[in-house]
Amino acid sequence: MKVQPVYLLAFFFFILSQSSWAQRPVLTDEEQVTEMVTKEVDEMYHSEEFIKKKNKKFAEVKGAMVVDIGVVQSGKVSSFFKVDSEIKDIDFINFMSDYILTHKFKFKLQKQQRYKVRYSITF
């Protein structure tokens, strides 16, 4: 079976256009960044996967925490800092930190841009 060049060209155009749709948006406004970080972190900490892992090792942990989450240009989490916490279990705090430090947000920042977002959560 011989493939017509027109079909190949159409196929490559389709593939290229799909990749441009899949690119993450670049956020420039601090309020937008704060809103998106809060939304994604809420989703992550309330996800079935996180709750299952939390309950496996830390089912008894309850309370509120305030943390600062640093985000860099690529959308990766650069830092996790506990500001205040009713939860005193260091192993749980480290678990939360490790869990979020592997996260990559669904957006990017402008070059050389970094943001720190204060986030509160209650378990």
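Student: Which residues touch the most other members in the largest nonpolar core?
Tutor: Val41 and Tyr45, out of 29 residues in that core. A nonpolar core here is a set of buried Ala, Val, Leu, Ile, Met, Phe, Trp, Tyr and Cys residues joined through side-chain atoms within 4.5 Å. Buried is under 20% relative accessible area, exposed over 50%, partly exposed in between (1.4 Å probe, protein chains only). Keep in mind that this is a predicted model: local features need pLDDT of at least 70 and side-chain atom pairs pLDDT 80 or more, while totals for chains, interfaces and linings use all residues. Side-chain values use heavy atoms, without hydrogens and water, and residues are numbered from 1 along each chain as its sequence is written.

Student: What does Val41 contact, leaving aside neighbours within four places in sequence?
Tutor: Ile69, Ile100, Phe105 and Tyr119, where contact means heavy atoms within 4.5 Å.

Student: Switching to rings, how many aromatic pairs are there?
Tutor: There are 12. Rings of Phe, Tyr and Trp (its six-membered ring) pair if their centres lie within 6.5 Å; planes under 30 degrees apart are stacked, over 60 edge-to-face, the rest tilted. Phe50 and Tyr99 are edge-to-face, at 4.9 Å centre to centre and 70° between the planes.

Student: Are those two buried or exposed?
Tutor: Phe50 is buried at 0% relative accessible area, and Tyr99 is buried at 13%.

Student: Why is Phe50 with Phe123 called tilted?
Tutor: Their planes sit at 35°, with ring centres 6.1 Å apart, so the pair is tilted.

Student: Which residues do ring pairs link into a cluster?
Tutor: Tyr45, Phe50, Phe58, Phe92, Phe95, Tyr99, Tyr119 and Phe123.
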